[in-house]
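Welcome! Please take a look at the sequence and the model below, and then we can walk through a few of its features together.

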Amino acid sequence: MNTNFNFIIGLMSGTSLDGIDIIYVKFDKRDYKKFNILFSETIPYTNGWVTKLKEAISFPENKLINLDIEYAKLLGNEINYFIKKHAICNIDFISSHGHTILHEPDKGITLQIGNGKVISEITKQKVICDFRTQDVNLGGQGAPLVPIGDELLFSDYKFCVNLGGFANVSFKKNEQRIAFDICPVNIVLNHYVQKLGFIYDDKGKIAATGSINKELLKRLNQLDYYKKEPPKSLGLEWVQSIIFPLIDKTEKNISSVLRTFIEHVAIQIGRIIYKSDAVLITGGGVFNDFLIQRIAFYSEQKIITPSKELINYKEALIFAFLGLLRAENQVNCLSSVTGAEKDHSSGVIFIR
């Protein structure tokens, strides 16, 4: 048996609710940068699951407990199908982010559903999950967690930006890795375009037809969050209590909402990566051509996008990597990123 490699199934579900990202990846233990995503796919959520995950933020505790198990069964069954479909034989473990329902670290709260014990029972595999709770218990934000992967897998880039439900960034400053959520992206854009009957705004075409509401743009850019120093992170709760009410009382035309919000996102991202020539941008928002054009405008830098596989599956890849670090009891949460009292190795392990 070759002990120089790890074979891991990684899972990620983001706040944009486009589905479950699942990958099968091979890591070279001698050099983590030598990884190979062997199989990957996104499993779309049914309309029922989308509704459930959207509404879960208001569920009572007993209903959340049931949802945690129900969602784990969904993940377990999808993993089994993925394994069978690709005839996968060699698996060291499954590393699952789960799906975030609650994230209010300042109140000591974070919850990702997808019960690891249930997934392990269904798949008959070792499972590593629940990467955020320990960090919150140590006084951290529990997010973002991806920067340890940026540090060890993608250190050739000055900035690593992900455009998902939220935009987040990771970079080196004074020999420390710094990272934070920049602003909401798809969690807002998708919310409004769905009112027109579309799942998402293909390439930003609808947004491009809208007009900028200057008052709304000004008020978005003046939100207190943008004045805070990192570590800082965002959750659905903040979007629902701050962003949606602000938009709804300021602009009714959907195309103008989309146009204005894309401008807001581009301004916030552009000022962080301004004139940098080594930026890795991944996540579903990369396929929004209009958004990328506006980011390029404000950053005054041509945006070069990586392979489609890396765009789509970087977060699932890094959560597989977080599991690998946890399995080897290596640091996978950086206090410089989350604000926790110390670096630590986070994640709960379930043995089949």
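## The second largest pocket

The second largest pocket has a lining of 20 residues, and those nearest its centre are Asp106, Tyr225, Lys228, Ser233 and Trp238. Here a pocket is an open set of points on a 1 Å grid over the protein atoms alone, where a 1.4 Å probe fits, with protein on both sides within 12 Å along at least five of seven lines; lining residues have an atom within 4 Å of a point.

Helix 9 gives the most to this lining, with four residues. Helices (H or I, at least four residues) and strands (E, at least two) are DSSP runs, numbered from the N terminus.

## About the model

This is a predicted model, in which local features need pLDDT of at least 70 and side-chain atom pairs count only at pLDDT 80 or more, while totals for chains, interfaces and linings use all residues. Residues are numbered from 1 along each chain as its sequence is written, and side-chain values use heavy atoms, leaving out hydrogens and water.

## Aromatic pairs

The structure holds 15 aromatic pairs. Rings of Phe, Tyr and Trp (its six-membered ring) pair if their centres lie within 6.5 Å; planes under 30 degrees apart count as stacked, over 60 as edge-to-face and the rest as tilted. Phe27 and Phe321 form a tilted pair, 5.5 Å centre to centre with 35° between the planes. Phe27 sits in strand 2 and Phe321 in helix 12, 294 residues apart. Both Phe27 and Phe321 are buried (under 20% relative accessible area, with exposed over 50% and partly exposed in between; 1.4 Å probe, protein chains only).
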